[in-house]
Amino acid sequence: MVSLVEQAAINRTNLLKGVSPEILSEIEKIEEILTVSPETLKKITAHFITELEKGLSKEGGNIPMIPGWVLEYPTGEETGDYLAIDLGGTNLRVVLVKLLGGSKFETEQHKYSLPDNIRTAKAEELWSFIADSLKVFVDQHFPSGTSKKLPLGFTFSYPASQNAINEGILQRWTKGYDIDGVEGKDVVPMLQDALASRNVPIEVVALINDTTGTLVASAYTDPEAKMGLIFGTGCNGAYYEVAKNIPKLEGKYAEDIDPNGLMAINCEYGAFDNEHKVLPRTKYDLQVDEESPRPGQQSFEKMISGYYLGELLRLILLDLYHDQHIFKGADVSLLSKPFIFDTSVPAKIEEDASYEELKDTEALFKEILGVETNLNERKLIRRLAELIGNRASRLSVCGIAAICKKRGYETAHCAADGSVYNRYPGFKERAAQGLRDIFDWDLEPKDYPIIIVPAQDGSGAGAAIIAALTEKRLAAGKSVGIKQ
Ligand code: BGC
């Protein structure tokens, strides 16, 4: 069987047949800076482990390593009806989750499109929008009212410090969100107040990161699930740490927690290497960072997550245009517009099946930029998309490898969700190859001991299961990690 690496080399040769020497030379320069060798992956992983540990220490580090106050592994027998919401990039998802036990659950959901300007709206608009949407949902699903307040798990996919499961102090917005008046504050009372002023019978029982939800939902159905990962607009991972290995809990809560028990950790490893010690950043990565609303933050995320992949492609193309290698004499005013390419653009370019002509790519550039491309240019564009996608997939697995090495997992199911994982062509295969390169497995891909598997619905079922675990803890008279 031809390996992925061999196949990629064959594809490259076929793609670059007939390309002009000028374009070939530009492609080679970019290949040089965007290719991540197995040695580099190993070096990044080693540094990642030390950074995970630093994040758990009292002093802290770049990676926040936020204790998520999920102290139990779900048994699969949790039951009950819960509401869950997930504030995503484009939608607010509201889900009614029925946990049935026996590792089964059912969901009914509705998506409410977020207003266009929400990323930069006022805090009040955000909370009003969420509370109004919840009101509509509750009115529809409980037309004759409710006998008690409905417990809600709030999936809030931003770095939020938690001294309790029903608290979330936003450290900083990520993924292009920039809403004033929320950073540094607890978002739970903000939502609770907006609900109260509309008489919506809901109690926010738990605030959950999407990765923690993914971890718990996947563990509900798969005991081998060791991690919850999101490869989407942003990137991040969660796993269970042994409480005594979290020095920063000492003196604060440690006396109330079983030292040998578990604590879910929302790593927030999108912030990995904000000190710029190991990541092979290019001038384009520096530019993405400088032009973002939060320069200096989320260094890892800015190289690998969906929010930035199209932007990286745009910046490289613009640079090549300025150096007069492509689009000569064309009006490229639209290419100068930040974020004109979302992730679907490099994804579609990589999906273009007409390898000899790249017709879909031609149509895409005409449609989005109004630019006519020649075949030479399209081959370069295709190669760039491959390089950006391949780099992102390979770097993405350093977090997985680091957690496995830190926890001593020799086998693991790493449950993943998110648009890049689910929809970016080749991500899964390239990520598996990245893991192989780090661990030096001499095995067929089907036998790799650490595998990325599709996650269960983290922000729906996961949030509900965590809400159920929290209620169970409270009912057992243990209020550790629950704000009363
Ligand atoms: C956020 C994380 C989140 C990840 C994936 C990052 O930008 O900081 O909290 O888990 O995106 O959604």
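I began with helix α4, which lies across β2, β3, β4, β5 and β8 and runs at about 130 degrees to β4. Axes here are lines fitted to C-alpha atoms, for helices over the stretch in contact, with angles from 0 to 180 degrees between N-to-C directions. The model is predicted: local features need pLDDT of at least 70, side-chain atom pairs count only at pLDDT 80 or more, and totals for chains, interfaces and linings use all residues. Residues are numbered from 1 along each chain as its sequence is written, and side-chain values use heavy atoms, without hydrogens and water.

I checked the length of α4 next. Its 19 residues, 123-141, reach 27 Å from first C-alpha to last. Helices (H or I, at least four residues) and strands (E, at least two) are DSSP runs, numbered from the N terminus.

Which residues of α4 are buried? I found W127, F129 and F137 among them. Buried means under 20% relative accessible area, exposed over 50%, partly exposed in between (1.4 Å probe, protein chains only). The cover over the buried residues of α4 includes β2, β3 and α5 (187-196).

Then I looked at the sheet. Five strands form an open, mixed sheet in the order β4-β3-β2-β5-β8. β4 and β8 stand at the edges with a single partner strand each, so one side of each lacks a neighbour in the sheet. The twist averages 25 degrees from one strand to the next. β3 and β4 pair antiparallel over ten bridges; pairing takes at least two DSSP bridges between two strands.

Last, I looked up G418, in the loop between β12 (412-417) and α13 (419-423). G418 is buried, at 14% relative accessible area.

Conventions. The expected span of a helix is 1.5 Å times one less than its number of residues. Contact means heavy atoms within 4.5 Å.
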